[in-house]
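Hello,

Here is the structure I promised to pass on to you. Please have it open while you read the notes below.

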Amino acid sequence: MSSSPAPDALLGPADVRELAEVLGVRPTKQRGQNFVIDANTVRRIVRTADVGPDDVVVEVGPGLGSLTLALLEAADRVIAVEIDDVLAGALPATIAARLPTRADRFALVHSDAMLVGELPGPAPTALVANLPYNVAVPVLLHMLETFPSIERTLVMVQAEVADRLAAGPGSRVYGVPSVKANWYAEVKRAGSIGRNVFWPAPNVDSGLVSLVKRAEPIKTTASRREVFAVVDAAFAQRRKTLRAALAGWAGSAAAAEAALVAAGVSPQARGESLTVEEFARIAENRVEHDTEEPNRP
C-alpha cells in the first residue's frame, strides 16, 4: 500500500471557490491575484522545482494554499509569505484541516515580501512561487539577494516576464531583469502554463522559470550595487550606444568610453549585447571623480 498523502489533500476548483466564498475573498487585480485551481498543475510545479524531503521552501503569495499544500507534501518544511490580511489569517487553518500531519512543518510570515529580511526556522534552500504579475521581478530579485541560501528557484510568472528573465544577450527581450537574475543564477524557461488552471482566468499566458544558483559567484572586484548601477544606466537608454548611455553614470561620455575600453567592450556596443560578466568589468573600470582638490604637501 502506498504511503503517499491522500490525493484529496490538494485543492480542486470547487474547494478554491468554496474557500474564497467562506472568506469573502474576491481576487483583486491590484495584487495580481489569480488562484491556481488545478491539482495537477501544482504537482507539476513541485516536480519541476525538484523539491525533496530535505528542502526548506519559501513560497511568496500562497493565496488560498493550492501550491502550499503540494509543497508541504514534498518538502521538509514550508514558509509562506503573504501580504493579504484575510488570506494570511485563513491559511494556517486550511493547512491544519487538509494536511494535519504536516501542519507543524508550516510557518506563515504575514508581510509584504519586499520588506522581509529574515524568515523563521532553518534557512531556505528553495523558492517556489506563483508570483503576482505586477511585482514578480522585484520580489524575485529581493528574495535572491536577501536569502543567499536559496539554491533552486522555480517561479510562475506572466509568459512575457518569463521570456525576459530567461533571455540571453542579443535577444530582443534581453534587459535589466535578464542580467540581474543572471547575476545570481543560471536561468531558463521551464515550461508554459495555460490560462484555464487559474481562477479567475488571466488575460495572458504564464510561464515557469527555473533559476539554479551559480556554483561560483561572478568573479569581480565590483559590488553587486555597482554592477547593477551600470546595468540600469545601459538599459535606461537602450537604443543609445554604451558610450552615450553610460555618460551620466561615468560622469561624461569620455569617461564612459575610457571605462568601456578598459573593460574590453566596444563603446559603440549596446547594453543588449553584453553579458553580466562584461557589465561587471565595466563597473570595475569606472574612474571615481574626486570633487575635492587632492591634498598638497
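A polar atom of the Asp55 side chain lies 2.9 Å from the backbone nitrogen of Gly52. Please keep in mind that this is a predicted model. Asp55 is found in the loop that runs between helix H2 (39-48) and strand S2 (56-60). Is Asp55 buried or exposed? Its relative accessible area is 9%, and buried means under 20%, so Asp55 counts as buried. Setting aside neighbours within four places in sequence, Asp55 is in contact with Asp50, Ala75, Asp76, Arg77, Thr125, Ala126 and Arg152.

One of those partners, Asp50, deserves a look of its own. Asp50 lies in the loop between H2 and S2. With 55% relative accessibility, Asp50 counts as exposed, whereas Asp55 is buried. The phi angle of Asp50 is near 60°, a positive value in a residue other than glycine. Most residues other than glycine have a negative phi.

**The chain as a whole**

Now for the wider view. The chain holds twelve helices and nine strands. Its C-alpha atoms fill a box of roughly 80 × 45 × 35 Å, taken along the principal axes. Of the 297 residues in the chain, 47% are buried. The accessible surface comes to about 14600 Å², and carbon and sulfur atoms make up 51% of that.

As for charge, you will find 31 positive and 35 negative side chains, with the centres of the two sets 6 Å apart. Among contacts with a separation of 6 or more, 70% are between residues 24 or more positions apart.

Which residues have the most contacts inside the largest nonpolar core? They are Leu131, Leu211, Val227, Leu246, Phe279 and Ile282, in a core of 62 residues. A second, separate core has 38 residues, including Phe35, Val51, Phe106 and Leu208.

Leaving aside neighbours within four places in sequence, Ile282 is in contact with Val230, Leu246, Trp249, Ala259, Leu260, Ala263, Val265 and Leu274.

Phe106, from the second core, is also a contact partner of Thr68. Thr68 sits in helix H3 (residues 66-74) and is buried, with a relative accessible area of 0%. The side chains of Thr68 and Glu59 are joined by a polar contact of 2.7 Å. Beyond its neighbours within four places in sequence, Thr68 is in contact with Glu59, Pro62, Val78, Leu91, Ile95 and Phe106.

**Around Arg286**

Next, please look at Arg286, in the segment after helix H12 (276-284). Not counting residues up to four places away in sequence, Arg286 touches Trp249, Ala250 and Ala259. Trp249 and Ala259 are also in contact with Ile282. What lies 2.7 Å from a polar atom of the Arg286 side chain? That is the backbone oxygen of Trp249.

For a sense of distance, Arg286 and Pro202 are 45 Å apart in space, C-alpha to C-alpha, and 84 residues apart in sequence.

**The loop between S8 and S9**

Pro200 is placed in the loop between strand S8 (198-199) and strand S9 (206-213). The peptide bond that joins Trp199 and Pro200 is cis, with omega about -10°. Most peptide bonds are trans.

Ala201 lies in that loop too, between S8 and S9. At 49% relative accessibility, Ala201 counts as partly exposed. Apart from neighbours within four places in sequence, Ala201 is in contact with Asn34 and Arg195. Ala201 and Ala229 are 28 residues apart in sequence, and their C-alpha atoms are 37 Å apart in space.

**On to Ala215**

Last stop: Ala215, in the loop between S9 and helix H8 (224-236). Why does Ala215 count as exposed? Exposed means over 50% relative accessible area, and Ala215 has 77%, so Ala215 is exposed.

Enjoy exploring!

Best wishes

Technical notes: Residues are numbered from 1 along each chain as its sequence is written. Side-chain values use heavy atoms; hydrogens and water are left out. Helices (H or I, at least four residues) and strands (E, at least two) are DSSP runs, numbered from the N terminus. Contact means heavy atoms within 4.5 Å. A polar contact is a pair of N or O atoms within 3.5 Å; within protein, one must be able to donate a hydrogen and the other to accept it, and residues adjacent in sequence count only if both atoms are side-chain atoms. A nonpolar core is a set of buried Ala, Val, Leu, Ile, Met, Phe, Trp, Tyr and Cys residues joined through side-chain atoms within 4.5 Å. Buried means under 20% relative accessible area, exposed over 50%, partly exposed in between (1.4 Å probe, protein chains only). Accessible areas come from the Shrake-Rupley method with a 1.4 Å probe; for residues, only the protein chains shown count as cover. Lys and Arg count as positive and Asp and Glu as negative; His and the chain ends are not counted. The place of a charge is taken as NZ of Lys, CZ of Arg, CG of Asp or CD of Glu.
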